[in-house]
Amino acid sequence: MADYRKPLPIPDQYTQGYWDAARRHELVMQWCPHCGVYMFPPDPMCPGCNSLDREWKKVGGRGRVYSWFVVHYATHPDFAGDVPYAVVLVQLDEQEDLRVPGNIVGCRPEDIEAGMKVEVVFEDVTPEFTLPRWRPSEE
Amino acid sequence: MGTTFKDRTAIVGIGWTEYSRASGKSTLHLADEACKKAIEDSGLRVRDIDGVVTFNVNDSVSPQWVAASLGLPELRYHLERWGGGTSAPAMVADAAMAVACGLADNVVVFRSMNGRSGRRPGGSGEHPAPRGEDQFLIPYGWTSFVHACAIFARRHMVLYGTRPEHFGAVTIAARKHGALNERAQLRKPITMQDYLNSRMVADPFRLLDICLETDGACAVVVTSAERARNLKHRPVYIMAAAMGGGPKVSGFSPNTAGFLRTPSHGDTYAKYVAPHLFGMAGIAPKDVDVAELYDEMTFATIFQLEDYGFCKKGEGGPFVEGGRIELGGELPVNTHGGFLSEGYIHGLNHVVEAVQQLRGEAGLRQVKDAEIALSTGVGLTVGGALLLRR
Ligand SMILES: [Zn+2]
């Protein structure tokens, strides 16, 4: 953990709650208390009703692989040792356009399929940061 | 429709520098050279130019510098857009609007970049801090614009059965055309086997799916239709322009460009822009003789062929097969070789090629009797386009 060398998120006032929740091993999404729309990435305004109010709401952490790519040539040197690695875009069960990027674990890149069910797992990469990742799920 | 700028302006001059991997020149130097050539080509004098328009992604030179460098006696209109591929057709439209509205008489539009030896857009050689949307992408190794494109391309494969051979057909056509273009950097034709054997970069993309990072500049001169009729070349009229996109176009970071919220990654801005574009021009896709489609990656050609209505949604893959987009085919696409062969001058080089085609000056790569050309610019969820006619 101590020698984690990859880029870490730089949270801001709109995203701090997301990373704080990840440290507690919870996946939260910004949610509009007026019209019930989830937003990711976080946004100061709800595009559904233009409210500037927002809350963090815990979500189930389950979804399906919407799209993905497999990096064979890393443009960023910190990832050069990881190739080939996959980045998936997961569509969460809560809302059709609620999509979260991440890495997949417990699945070879060549075994990824569109629509496959995944669930969130949390990796404590440093004492300060936990990264949500995704693994294939039976349910 | 009320009054639009349809046919009220024309492109009368085109110019370009050498396209290379290392220009050894500043972006001001390249811009000066391209603008000078475009103005000379138009038959106007440099002192007739009173507007300068460009765009950048923090990698170019301002229109004011170029106006000063050219020695323009007066600068009546200047505009510098910030942004990606959407901007090339949009800034030609900006120039046309300025001329049509009387803010300026003759506007030079340029794009100048050392996109290979200097700042390389798209994430190569550059490692921004994971702020904003990037904080959800970069920690996972989503570090390049290529990766964002791969999400779109994969989604299209999932939804419509698009195959690597379809992407291959796009790059094969580009190389075939580039072989006939003295400006093109890669002029050796390739086979499907060459394509399939090329190194995987970010699956589904191979090296030969990806544009050529390029140093260079090009420029066009826009003036009124009336003045255009008395200049050196046959005018190329600006029939229509459109720009923008649909809902939730969000998330533009120049390197990673997540576009996470867009309703569908199986289509692009073009499905929103196309009705406005063809509506203003009063024509249909079947009337287009040649299409210069922004091709930062092969997949973008396929998406745009669908979204501009040249084929049904999902049929862009089969459409590019069988030589249909090659010279002599049903719809020649990227007759200069596009970004995949000529080079990446961020879409303004597509406008230059469209003008050459409509003038009948494209030599070995001329589309016979080309009367109407489409030239586009893509930012995936946002973009723009021009319809030009001779
Ligand atoms: Zn709301």
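**Close-up views of a predicted two-chain model**

**Figure 1. The zinc site of chain A.** The zinc ion is held by four protein donors, the SG atoms of Cys32(A), Cys35(A), Cys46(A) and Cys49(A), at 2.3 to 2.4 Å. Donors are N, O and S atoms within 2.8 Å of the metal (3.2 Å for Na, K and Ca); water is not among the atoms, so sites may look incomplete. This is a predicted model, in which local features need pLDDT of at least 70 and side-chain atom pairs count only at pLDDT 80 or more, while totals for chains, interfaces and linings use all residues. Residues are numbered from 1 along each chain as its sequence is written, chains are lettered from A and ligands numbered from 1 in the order in which they are written, and side-chain values use heavy atoms, with hydrogens and water left out. The angles among the 4 donor atoms run from 100 to 118°, and the site is tetrahedral (four donors with all angles between 85 and 135 degrees). For four tetrahedral donors the ideal angle is 109.5 degrees. Along the sequence, the donor residues follow the spacing C-x2-C-x10-C-x2-C. Cys46(A) is buried, at 1% relative accessible area, whereas Cys49(A) is partly exposed, at 33%. Buried means under 20% relative accessible area, exposed over 50%, and partly exposed in between (1.4 Å probe, protein chains only).

**Figure 2. Two cis peptide bonds in chain A.** Most peptide bonds are trans. The bond from Phe40(A) to Pro41(A) is cis, with omega near -5°, and Pro41(A) belongs to the loop between β2 (38-39) and β3 (55-58) of chain A. Helices (H or I, at least four residues) and strands (E, at least two) are DSSP runs, numbered from the N terminus. A cis bond also links Val83(A) to Pro84(A), with omega near -10°; Pro84(A) lies in the loop between β4 (62-71) and β5 (85-92) of chain A.

**Figure 3. The open sheet of chain B.** In chain B, 9 strands form an open sheet of mixed pairing, in the order β3-β2-β4-β7-β1-β8-β11-β10-β9. Its edge strands, β3 (77-82) and β9 (290-292) of chain B, each pair on one side only. Two strands pair if DSSP finds at least two bridges between them. Strands β10 (372-379) and β11 (382-389) of chain B run antiparallel and are joined by 8 bridges; Ala373(B) stands opposite Leu388(B) in β11(B).

**Figure 4. Helix α3 of chain B.** Helix α3 (residues 87-100) of chain B has 14 residues and reaches 19 Å from its first C-alpha to its last, close to the expected 20 Å. The expected span is 1.5 Å times one less than the number of residues. Because 13 of its 14 residues are buried, α3(B) is largely enclosed by the rest of the structure. Just after α3(B), Gly102(B) has a positive phi of about 80°.

Figure 5. Most residues other than glycine have a negative phi. Asp7(B) is not a glycine, yet its phi is positive, at about 65°; Asp7(B) is found in the segment before β1 of chain B. His346(B), also a residue other than glycine, has a positive phi near 60°. The place of His346(B) is the loop between α11 (338-341) and α12 of chain B, where it is buried at 2% relative accessibility.

Key. Tetrahedral: all angles 85-135°; square planar, octahedral: opposite > 155°, others 65-115°.
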